[in-house]
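Hi,

Here is the structure I promised to pass on. Have a look at it first, and then read on for what turned up when I went through it.

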Number of protein chains: 8
Amino acid sequence: MDEKQVTALFEAVKQGELSVADAVSRIRALPFQDVGGFARLDHHRSLRCGFPEVVFGQGKSPEHLIHIINQLNQSTEKVLVTRLAQEAYEQIKDYIPAEGLYDPTARIYRINRSTETPLPGILVLSAGTSDIAVAEECAQTAELAGNDVKRIYDVGVAGLHRLLAYTRELQQATVIVVVAGMDGALPSVVGGLVDVPVIAVPTSIGYGASLGGIAALLSMLNSCSSGISVVNIDNGFGAGYLASIINHQSIHA
Amino acid sequence: MDEKQVTALFEAVKQGELSVADAVSRIRALPFQDVGGFARLDHHRSLRCGFPEVVFGQGKSPEHLIHIINQLNQSTEKVLVTRLAQEAYEQIKDYIPAEGLYDPTARIYRINRSTETPLPGILVLSAGTSDIAVAEECAQTAELAGNDVKRIYDVGVAGLHRLLAYTRELQQATVIVVVAGMDGALPSVVGGLVDVPVIAVPTSIGYGASLGGIAALLSMLNSCSSGISVVNIDNGFGAGYLASIINHQSIHA
Amino acid sequence: MDEKQVTALFEAVKQGELSVADAVSRIRALPFQDVGGFARLDHHRSLRCGFPEVVFGQGKSPEHLIHIINQLNQSTEKVLVTRLAQEAYEQIKDYIPAEGLYDPTARIYRINRSTETPLPGILVLSAGTSDIAVAEECAQTAELAGNDVKRIYDVGVAGLHRLLAYTRELQQATVIVVVAGMDGALPSVVGGLVDVPVIAVPTSIGYGASLGGIAALLSMLNSCSSGISVVNIDNGFGAGYLASIINHQSIHA
Amino acid sequence: MDEKQVTALFEAVKQGELSVADAVSRIRALPFQDVGGFARLDHHRSLRCGFPEVVFGQGKSPEHLIHIINQLNQSTEKVLVTRLAQEAYEQIKDYIPAEGLYDPTARIYRINRSTETPLPGILVLSAGTSDIAVAEECAQTAELAGNDVKRIYDVGVAGLHRLLAYTRELQQATVIVVVAGMDGALPSVVGGLVDVPVIAVPTSIGYGASLGGIAALLSMLNSCSSGISVVNIDNGFGAGYLASIINHQSIHA
Amino acid sequence: MDEKQVTALFEAVKQGELSVADAVSRIRALPFQDVGGFARLDHHRSLRCGFPEVVFGQGKSPEHLIHIINQLNQSTEKVLVTRLAQEAYEQIKDYIPAEGLYDPTARIYRINRSTETPLPGILVLSAGTSDIAVAEECAQTAELAGNDVKRIYDVGVAGLHRLLAYTRELQQATVIVVVAGMDGALPSVVGGLVDVPVIAVPTSIGYGASLGGIAALLSMLNSCSSGISVVNIDNGFGAGYLASIINHQSIHA
Amino acid sequence: MDEKQVTALFEAVKQGELSVADAVSRIRALPFQDVGGFARLDHHRSLRCGFPEVVFGQGKSPEHLIHIINQLNQSTEKVLVTRLAQEAYEQIKDYIPAEGLYDPTARIYRINRSTETPLPGILVLSAGTSDIAVAEECAQTAELAGNDVKRIYDVGVAGLHRLLAYTRELQQATVIVVVAGMDGALPSVVGGLVDVPVIAVPTSIGYGASLGGIAALLSMLNSCSSGISVVNIDNGFGAGYLASIINHQSIHA
Amino acid sequence: MDEKQVTALFEAVKQGELSVADAVSRIRALPFQDVGGFARLDHHRSLRCGFPEVVFGQGKSPEHLIHIINQLNQSTEKVLVTRLAQEAYEQIKDYIPAEGLYDPTARIYRINRSTETPLPGILVLSAGTSDIAVAEECAQTAELAGNDVKRIYDVGVAGLHRLLAYTRELQQATVIVVVAGMDGALPSVVGGLVDVPVIAVPTSIGYGASLGGIAALLSMLNSCSSGISVVNIDNGFGAGYLASIINHQSIHA
Amino acid sequence: MDEKQVTALFEAVKQGELSVADAVSRIRALPFQDVGGFARLDHHRSLRCGFPEVVFGQGKSPEHLIHIINQLNQSTEKVLVTRLAQEAYEQIKDYIPAEGLYDPTARIYRINRSTETPLPGILVLSAGTSDIAVAEECAQTAELAGNDVKRIYDVGVAGLHRLLAYTRELQQATVIVVVAGMDGALPSVVGGLVDVPVIAVPTSIGYGASLGGIAALLSMLNSCSSGISVVNIDNGFGAGYLASIINHQSIHA
C-alpha cells in the first residue's frame, strides 16, 4: 500500500468515482506489507540473510548456484557467495562471471563493481592460524560491504606479547572482531585493552571438550570485559556484516 | 626488550652515537614497546567490569557494599551498583549516600552528579513484562553512561501488531537492545525491520525446556537476521554498556 | 485502524471536510496493526498468552495480581489465573471476586460467567498421581475454554491393564492430552491405540536422570506412534488451550 | 478374535457341536490382541509408523526396499517411502512400480491409486529455502493421506513483510505446519496471527550453536504463542500425518 | 473377563437363555484387561511402582500419607514408604501404625508382619559415607522383599585395600549392588573381581562437574567390566527390588 | 602367588633350605595379584571385556584381527569377535578359521566347539526392525555363553497388540533383554507385565532429538516399572553377557 | 600382612610349631591389603580424600562433625575441615578444640601443631574477588600441608596490566594455581607467561551461560597454553593438595 | 613506560646524570617493566602451543606442512609434528628430513638432534589397548622433551590384578600420566596407590553414552583420589608436556 495507491483511492472517492464502501474494501485487499515505511526495506536490507545479494553456498547444487549467481549479477553491482567449498567452486567456475574472485581460505566468491571508497575502522583479529578461514569470511564480507579492513592474525593469549605488540592498532579501530576457537579467551583480553565494540566469533577449531566451538562460545558469553557481544560459532559473515553497520554509522565514517 | 639491548641503547646515547629521539623510537620498536599507551587505560575504562565505579552487588556482604559505595562516592561523580536485591538495599540504605536512587525492578542503585546532556539513540525493547527487570538494568546502565534511553516493553512476537505499531521508533534508533526470554524470537523479527546494530539479551524467564534461558540464547545466536549479536543470559548491564559505546561513537552523537 | 475509522476518513474526504493529502497522512499515523484483517485478532485470541484474560500468576506480586484480576473481571466474562500457589492465593483471596474458584492442585483461579454449553471430546490422561497437577491445569483450562473434559488418571504403562480398561473412552475422544513424567512412555502407547490427535505434556516429575522433565520430553519427541505432538514441560495450559482449538473445530463440535 | 470367529464359537456351543469347556479354552487360545474393539485398529492405523504402507527408507538395503515396496503394492492402493535418498532410488527404480513418483527434494517415493477427493485446509510454511526438503516430506505425506495442501515457502521472520503478505492464506487454513531451522522463530509469529492448531517442525538446518536443530526445537517448545505443539527435528512425515488427522476431523471436512 | 464369566456366557447360550448376538456383545463389553493370564498380575506385582504396598513419600501431603499407610496396613502384611524425610515422618508418626519402623538415614518407613525366612545372597557396597543414604534405601527395600542383606560401606577406589580386604564377601554374593557418587568408579572395579550380576547405582553426591550424579551415571554406563547394569541416580529402591528378584530366582534360593 | 609357590616357600624354610628373612623377601617380590583367591579370576572371567576370548573388532587393523583370532583359536574352544563390519570380515575371512560363523546383521564372528547343552530362559525383544542388529549382538553373545535364546522382534509400543500376543513367552522367561531406540518405551511396558529381571538396551536408532540414543537411554533409566536396569547405548554384548550370568545362576538352570 | 606377622609365621614353621599347611592357610586369612608395600599407604596418604585428617564438612550433622574433629585431634597433629559454613561452625565451635582456627571465607577449620618450616614456591591467583573463597580453600589447604603460599587476587584478564605488574612473582613460583570463574580465561594467559605447572580451578562464580562453572571448566580444558591441567569446579582443596605434592618434590624443596 | 619518561631517562644518561646501569634498572621498575624478563620467554617456551618447534598437523595442507617442517629443521634441533595421520605423512615424507621418525600409532613425526641424557621419572599408563594412540602421543612428546619414559599399557580396572602387579613401578615414578577412555576409572585407582602428581587424560574411545570422551572426562574431574588433575580429551601432547615440566623440576632431576 504505497502512497500513490492510497492517494488514488482517496481521489477516486472524492471524485465520486468510487463508493466509500468499495474504497475501504480495496484498502483491505492490499498486501499488508506494502503499508507505511516498510516498502523501502527491501532496498535497505540488500545484504541481509536470505536476500538476493548474499548466497549461503553450502548445500546448494551446482545448477542452483550458477542460476542464482548469474541472476544476481544482472541486477546488482555486488555479489557475495559464502561457504563455497573449493570443489563446489571448481564445478561452477566456468559458468559464472569471470570477474568474480574466489578465495579458497574464506570459501568466498565475490563480485564487486562498486566504486565507493572503502571506510577504514574495522580490525579483525584471530587467535590461531586455524581460525583464519572464519576471520577471512568476516573480513571479506566487511570489505564487500564497503570497508577497508585491517587484519592481525595468530595473536592468541598463549603468547601475550604478540598481541601487545599491536596496542596501537587495537586502539585505533572503530570496531574489533575477535575470532577464536579452543578456550575462546582472546576477546576477554582484547575487551580489557580497548574502548570500542568487540564482536566475538567463536570457531569450531579444537577437539575433545571444545565441543565443536561450544567451549569458546560459552567463554565469550561469560567474558568479564565489557563491550563484548557474541555471534554464532563460525559465523564470520554475521560478524563482518555487523561490524560494517557499526563502522558506517560511526562518527569517523 | 632484554637487558642487553636496552643497555646498548643507553650506552649509544651516552656516547652520543644515537640521538635521544632515535633511542626512544627504537625502544618503541622493540617487542612490548607499545606498552606505552596503556597507562591511560585505567581512565578510559572507568565503567568496566571490576573497575571502581561499577559494583556487582549480588553476593557481597552489607559491610562490603557500604564500604565500596562510600569510597567510590568520594572519588567519582557516578556510582552504579547492579544486582542489588531489595532486601540487601534495605539493610544498607541508611549508610550510603541519600542522593543515590534505588530501583527495585532493575535492582540498581545509582548516583549521578554528571551534568552532561544525555545522548538519544538507544532503544530498549522487551518481549514480555517479566523481562522488564533485565531491560531496566540495561536501560538504567545506559542512562548512567550518558544516554537518553527510549523503552518499548511487552511487544513479543505472539502479538506482532503491538511491535509493528512502533515501526517509526524502531527505524529512528541508533542501536537497539532486545530483551527476551522463552523462545527468544523477538530479536530475529526486529533485526529484519531495521538496519542498525541489534544487541540481543536472553533472559532466564520461562520454565521447563527454557533451561534457564539457554533456549532463548540459542535461538538468538542462530538468528537468520543480520546485524544481531548476543550477550550473556540476564546480562542487562553488559548490553547497556555496549549500547552506550556504539551510541557515543555514532555519527549522530 | 478499524473499519469505522477508515470509513470515517473516506466519508470526510467525500464530503470535502478533509483534503486527500490530510487523509493519506492520517492513515499513516494510525497504529500499524489496526490495518486490514488483523483488527479482529484481539477478539479472536482473547485467551492467548499475554492477552488480558489469562494471567501467569507465578512471580507476580499480590498487589499486581489483585489489580489485574479485578480489572479483567470488569471487562470479560472469564478470568483465568494459572500457576497461582496456595500461599499466593491466600494472600489475595479477600481482595478478588468471591465468585472465582481456586483449585490448589491445578494452582488455578478462575471466574466463568459464560452460559455456553461445554463441548465434549477432550480426554486428559495422566501416567501417575504426581502428574495430576499438570493434568488439572490442562483440564481446567480447557473447561474454561468451553469444553466438557473427561479425565482418566494414574494409568501409566507400568500397569498396562489399567489403561486398556479404558479402551472405549480412548476411542471416543476427539483429542487426547497425555500428561506424563519420568519415562514419558504413555503417549507412545496411547498413540498406538487411537486415531485422533494426541498432545503429549512432559512433566518435571521424577529425579536424577529425569533432568527436570527433559527425559520425558525427549521420549515423547521420539515417539514411534504417529499423530503425537509435544508441548513444553509442565505446560498444562498450552495443552488445554490447543486441545480446545482442535475440539472446537472438529466435526463433532 | 474377530466377531465372526466369536459368533461361530457361540453358534457351535448352541448347536451342541462344541462343549462349553472347549469353547472357553479356544477363546483363550486366540491371539490376545484380536479381542474387542482393537481388531479394526490395523485398518485404522494403516499409515502408522512401522505399519505396512509407510516405509522409512533410510538405512534399508536395496533388496529389502524392492521386496517391501512390491509386496505393499499388491495389497494396498497407497505406498509411501520416506527418507529415500536419490542414490538409493536410482539403485531400485527399475525394480519397483513405474507408476510410483519419486521426488528428490522430499526424498519420497509414492504410489497413489486412491480416487478420493483431496480435502483442503492444510497450509505448510517454511522459514527458509533450506527447510523445503522437510516441508515437502510433510506436504507430500499429507497429500497421500488425502489432503489438498497449500505451500508458502521462504517466509522467515527476518523478512516479516513476506509472511504478512499471506495473511489471508494464514487465516483460511484449518491447520498450519510451520517448518523452520536456525532460530525456530517462525511458529511463534504465525501462532500469534491465527487461531488454528500450529504444528511446529524444527529442522537440522543451521550450523554451530544450532546443535543440529536443538536450538530451533527449544525455541518452539518455549513459544509464547498459544496453539502450538512440536514434533521431532526434521520429522516432516509426523507433522503431515498429524495435520491430516486434524484436518479430516475438522468441521470443514 | 475371567473364566467363570465366560463359562457362564457359554452356558446361557447353550441353555438358550441368551442369543448368540447378545453373548458376543457382552464379551465385547467386558473390561479388556481381565482377559487371559493378566488377571493375576495384580497379585504378582505387589511390590511394583505405583502399586499399593510401595509409597513414594516425597511430595505427598501428610493427610495423603496417613490415609494411604493406614489403608495399606489393613490389606497387606508389608508396607514400604520411601523418600520420607524426617520432618514429614514427625508430622505423621502419631497417626500411623506404631509397629512400623522409621529410619532417617534411608528415609524409609516400613511395616513387616511376614514370617518368611530372609534369603541371603545380596551384598550392598557404598563408595563413600555420603552414599549410605541411598545404599540403605536399597538394602532395606531388599530386606522387606525377603532378603538377608550384607552391607560393606565406605570402600571407594581411592583406598583400594579397603575393598580388597572383603574379597571373600564379594565372591560369596549372588548379586551385588554398588552405590557410588562422584567418579562412579567402584562398580567397574567390583565388576572385575566377581562373576555375578552387579547393579550400579549412581548417587547425586558430589559437586561441580558431578552434575548431580550424571558423571557417575555415565561412568557406570561405560564400564569396561562385564556383568554390570545401571539404574537411575539415587534409585536405591529400584536396585534393591531388582536385586531381590535376581536373588530369589537364583539357584541358591 | 599361588598356593604351590607359597607352600614351597614354607617347605624350604622348614627344611632349612631358606632363611626366614629370604622367604619374607621372596614373598614380597611375587606379583601382587597372585595372592589369595584371585588366581582363579582369570579363568572365571574368561569372557570379560579385554580378556582373550572376546575381541572388540571395531577399529582394529586386519593384521591385528587375524593374529588375535588365530591365537585365541588355539587356546580356547570359543572365540567371539563383536563389532566386525562386513567389509572388515571380507578382508580377513581367508586367514581365519573357516569353522567360524560370521553374521553381518549382528556384526559377529564366532567359533564354538563347546558341547554343552544350551540353557533356555533368555528372551530378547526388539522394538523395531532397525534395532535387530543390536538385539542379535545380544542374542548371539548369550548363545555363545551357553544359552538357548528366544527372540521376538518388532513389537514396539506403537502396536501394543503385537506385544500382548506374546504374553505367554514373556511370562515364561527367566530374564528378558529389551532392545529399543527412539522413545525407549518398550522396557517400561514389558517391566509392567513380568516379574523377572529386565535388561534394557537403548539403541542409537532414531534421528533429531533422539540424540544418538540418549533419549532412549534417559527414558529407560526413568522407567516407572520395577526390575529394570540399563546398559550402554548399543551395548548388545554387555546385555547378552549379563543375561547369561543371571540365567546360569537361576533356579531353572 | 606386615613384615612382623609374616616373619613370625616363617619362624613358627621353622620351629615346627606350625605345619606348612596351617601357615599357608593363615596367610590367606590375613587381610589382603596388608600385603607387600601397601601397608605404609595409610601413613603416606594421610591427607587424602576420605582419610582421617581431612573432613568434607558439607552435609554432615553437628554431632558427626564434633565427634570426628575431636577424635582426629587426639591422633594427629593436623586437622582440616573443608566446606564448613559459618552457621555450621557456630553450632559446633564450643565443642571442638579452641586452638583450631576458622576462616569464614575459605570455610575452613584447621588445627596445626606441626613445627615444620613451610616451603615456599606455591602461588595462588584469582581472577575476581568472588573467586577468593575457592582460592583461600586452596591456599589454606596447601599451608596446612606445609607450604608458604603467596596470593595475588583480582587479576582477571579484563585488566591485563594488573596481572602483568606481577611478572616477577609469576616467574619465581614453582607451581601456580589459577582460580577463575566466568570466562575462565586467566589460566591461558598465565600459562603463556611461565614455564611451571599451572593448576586451573574453575569456580561456579557467574550467571546464565556460565552454567555453574561449566563454561570456565571447558575454557580451561581447551587452553592453548601448555603446562595447564584442571581440577573440578570449586575444588580448591584438590588444587592445594596437588600443588603441595608438586612443590614438595621440586628441586627447590 | 610512556614516551616522556623514557626520553627523560635517555636525556639523563646522555647528560651523565644517570649511569647506564641505573637507567636500565629504572626502566625495569616502570609499569610493565616486568616486561623485561619476557624476552627470554620465547626461548623458554620453545615447545609451546603455537610456537615454532611444535606443529599441530591435523587440518594442515601438505604444502604447508612441508614448508614448516623444513623451516623448523634449520633453526632448531628438535621438531615435533603431532596429529599427523599416516596418509598425510605418506604425502609429505619424500619432502621432509629423512632423519625424522614417524610413528603411525602416535601419529607423531619427530626429529631429535639433542644429545641431552633423558631424565627418568615419567610413567605412562593406559587403561585399554585402544587408548595406546593417545598414550604414545604423550610418551613421545615427553621423550622429545628430554625424558626417559616408562610405559605400562592395558591395565584397566576391570582386571585389577594386572595393575597391582606393577605396584613397584607406580611407587617409583615422579609423575604418572593415566590415559583412559570409557569409564575413566583408572586415574582414581592409581591416585589412591601413589603419592605423586597424577595427570589424567580422557580419551574419546568408547561408544554411546561415552559421548566422545565426556564420560571419562567427568569421571576424572570427580575423582575422590587426591593429587589428580585433568587435561582435554585425547590431549596426549599436553599431558606429556606437563609431565616433563614437573619431572624436570623434581628433586630427582
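**What I found**

C:Thr141 is found in helix 6 (residues 132-144) of chain C. Please keep in mind that this is a predicted model. With 0% relative accessibility, C:Thr141 counts as buried. Beyond its neighbours within four places in sequence, C:Thr141 is in contact with C:Leu80, C:Ile108, C:Glu136, C:Phe237, C:Gly240 and C:Tyr241.

Next, chain G. Seven of the eight residues of strand 5 (residues 119-126) of chain G are buried, so this strand is largely enclosed by the rest of the structure. Strand 5 of chain G runs parallel to strand 6 (residues 147-152) of chain G, and six bridges join the two. Within strand 6 of chain G, G:Asp148 stands opposite G:Pro120. Together with helix 6 (residues 132-144) of chain G, strands 5 and 6 of chain G make a right-handed β-α-β unit. Strand 5 of chain G also pairs with strand 7 (residues 175-180) of chain G, in the parallel sense and over five bridges. There, G:Val124 has G:Val177 in strand 7 of chain G as its bridge partner.

A helix in chain F is enclosed too. Eight of the eight residues of helix 10 (residues 214-221) of chain F are buried, so helix 10 is largely enclosed by the rest of the structure. Among them are F:Ile214, F:Leu217, F:Ser219 and F:Met220.

Now the aromatic rings. Over all chains, the structure holds 36 aromatic pairs. One of them is formed by B:Tyr89 and B:Tyr102, which are stacked at 4.1 Å centre to centre with 10 degrees between the planes. This pair links distant parts of the chain, as B:Tyr89 is in helix 5 (residues 86-92) of chain B and B:Tyr102 in strand 3 (residues 101-103) of chain B, 13 residues apart. B:Tyr89 counts as buried at 14% relative accessibility, and B:Tyr102 is buried with a relative accessible area of 14%. In chain C, C:Tyr89 and C:Tyr102 form a stacked pair, 4.1 Å centre to centre and with 10 degrees between the planes. C:Tyr89 lies in helix 5 (residues 86-92) of chain C and C:Tyr102 in strand 3 (residues 101-103) of chain C, so this pair ties together parts that are 13 residues apart in sequence. Both C:Tyr89 and C:Tyr102 are buried. In chain A, ring pairs link A:Tyr89, A:Tyr102 and A:Tyr109 into a cluster.

Two arginines sit over rings of another chain: the charged end of D:Arg83 is 4.3 Å from the ring centre of F:Tyr207, and that of H:Arg83 is 4.3 Å from the ring centre of A:Tyr207.

Finally, the salt bridges. A search of the whole structure finds 64 of them over all chains. D:Glu136 and D:Arg151 meet in one of these (2.6 Å, N to O). D:Glu136 lies in helix 6 (residues 132-144) of chain D and D:Arg151 in strand 6 (residues 147-152) of chain D, so the pair ties together parts that are 15 residues apart in sequence. D:Glu136 is buried, with a relative accessible area of 11%, whereas D:Arg151 counts as partly exposed at 29% relative accessibility. In chain H, H:Arg110 forms a salt bridge with H:Glu143, with the closest N and O atoms 3.1 Å apart. In chain A, a network of salt bridges links A:Arg110, A:Glu136, A:Glu143 and A:Arg151.

Best wishes

Key: Residues are numbered from 1 along each chain as its sequence is written. Chains are lettered from A and ligands numbered from 1 in the order in which they are written. This is a predicted model: local features need pLDDT of at least 70, side-chain atom pairs count only at pLDDT 80 or more; totals for chains, interfaces and linings use all residues. Side-chain values use heavy atoms; hydrogens and water are left out. Buried means under 20% relative accessible area, exposed over 50%, partly exposed in between (1.4 Å probe, protein chains only). Helices (H or I, at least four residues) and strands (E, at least two) are DSSP runs, numbered from the N terminus. Rings of Phe, Tyr and Trp (its six-membered ring) pair if their centres lie within 6.5 Å; planes under 30 degrees apart count as stacked, over 60 as edge-to-face and the rest as tilted. A charge sits over a ring if NZ of Lys or CZ of Arg is within 6 Å of the ring centre and within 35 degrees of the ring normal. Two strands pair if DSSP finds at least two bridges between them. A crossover is right-handed if, with the strands pointing away from the viewer, the path from the first strand over the helix to the second runs clockwise. Contact means heavy atoms within 4.5 Å. A salt bridge is a side-chain nitrogen of Lys or Arg within 4 Å of a carboxyl oxygen of Asp or Glu.
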